[in-house]
Amino acid sequence: MHLKNIAIYCGASMPPSKVFQDAAVQMGTLIGKAGIGLVFGGSACGTMKLVAGAALANGGRVTGVFPDDLPRDFLMSGLTSVIFTHTLAERKARMIAESDALIALPGSYGTWDELFDALGLKKLPDSKMQQPIAVLNTEGYYDHLLAFIEHSFQVGFTGEKHRRLLLSANTPEALLEKILNS
């Protein structure tokens, strides 16, 4: 699979654990060095800033997709390009449209919303989404989610076809390899 752009869903908050900060920097560095474009939420806060800054520092193209309903002083400067949308919902759709793969780093409600929106869209019977969707499972952050998906399969809410819809790996290198081979 050839990747022109990867959308990264991640937090506008900075986790106190350096492990999560380092994982965001490693992901951005890997994307930048690989010559893959990074598409993200455009914020100059939290792990969003870390992943985008690392991609830029390593020669990457970084596109921020920024909604009009957020204050402009949150917008990260120095990006390769910025796409403005009217709402967060439009931002999610645009990030999907601009990307060949979607990765959620550890995050909170906004990250989960973006991740589940993409999974829900990909699961639709007439979906045109072909992008792989993945989570970076740093320090087992997504272990409970992966177990919950398996539980959903076991009790019959998630079908066999969708059971393995979400890819995961513990390191940025392993995750990118999994995406490329999907």
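**Close-up 1. Helix H4 and what its buried side packs against.** The buried residues of helix H4 (109-123) pack against S1, helix H3 (88-97), S5, S6, H5 and S7. Here, helices (H or I, at least four residues) and strands (E, at least two) are DSSP runs, numbered from the N terminus. This is a predicted model, in which local features need pLDDT of at least 70 and side-chain atom pairs count only at pLDDT 80 or more, while totals for chains, interfaces and linings use all residues. Residues are numbered from 1 along each chain as its sequence is written, and side-chain values use heavy atoms, with hydrogens and water left out. The buried residues to look for in H4 are Thr111, Glu114, Leu115, Ala118 and Leu119; buried means under 20% relative accessible area, exposed over 50%, and partly exposed in between (1.4 Å probe, protein chains only). Seen down the axis of H4, these residues fall within an arc of 125 degrees, so they line one face of the helix. The arc is that of the directions from the helix axis to the C-beta atoms.

Close-up 2. Arg91 has its place in helix H3 and is buried, with a relative accessible area of 7%. Not counting residues up to four places away in sequence, Arg91 touches Gly41, Val65, Phe66, Pro67, Leu70, Thr85 and Glu114, where contact means heavy atoms within 4.5 Å. Lys122 lies in helix H4. Leaving aside neighbours within four places in sequence, Lys122 is in contact with Ser127, Met129, Gln130, Gln131, Pro132, Ile133 and Leu165. Thr47 is 75 residues from Lys122 along the chain, and the C-alpha atoms of the two are separated by 26 Å.

Close-up 3. Strand S1 (residues 5-9) pairs with S5 in the parallel sense over 4 bridges, and Ile8 stands opposite Ile103. Two strands count as paired if DSSP finds at least two bridges between them. S5 also pairs in the parallel sense with strand S6 (residues 133-136), over 3 bridges. Across that pairing, Leu102 has Ile133 as its bridge partner, and Ala104 stands opposite Val135. In S6, Ile133 and Val135 point one way and Ala134 and Leu136 the other way, and all are buried. S6 and S7 pair in the parallel sense over 4 bridges, with Ile133 opposite Leu166 in S7. S5, H4 and S6 make a right-handed β-α-β unit: with the strands pointing away from the viewer, the path from the first strand over the helix to the second runs clockwise.

Close-up 4. Helix H5 (residues 143-154) has 12 residues and reaches 16 Å from its first C-alpha to its last, close to the 16 Å expected at 1.5 Å a residue. Leu145, Ile149, Ser152 and Phe153 are buried in H5. They cover an arc of only 105 degrees around the axis, which puts them on the same side of H5. Their cover includes helix H4, helix H6 (160-163) and strand S7 (166-169). On the face turned away from the buried side, you will find the exposed residues His144 and Gln154. After H5 comes Gly156, whose phi is positive, near 100 degrees.

**Close-up 5. The nonpolar cores.** The largest nonpolar core has 28 residues, and those with the most contacts inside it are Ile6, Ile8, Met27, Ile103 and Leu105. Such a core is a set of buried Ala, Val, Leu, Ile, Met, Phe, Trp, Tyr and Cys residues joined through side-chain atoms within 4.5 Å. The elements giving two or more residues to this core are S1, helix H1 (18-33), strand S2 (37-40), helix H2 (46-57), S5, S6, S7 and helix H7 (172-180). Apart from this core lies another, of 20 residues, among them Ala7, Ile96, Leu119 and Ile149. Met27 is in contact with Ile8, Val51, Ile103, Leu105, Leu136, Pro172 and Leu175, leaving aside its neighbours within four places in sequence.

Terms used
The expected span of a helix is 1.5 Å times one less than its number of residues.
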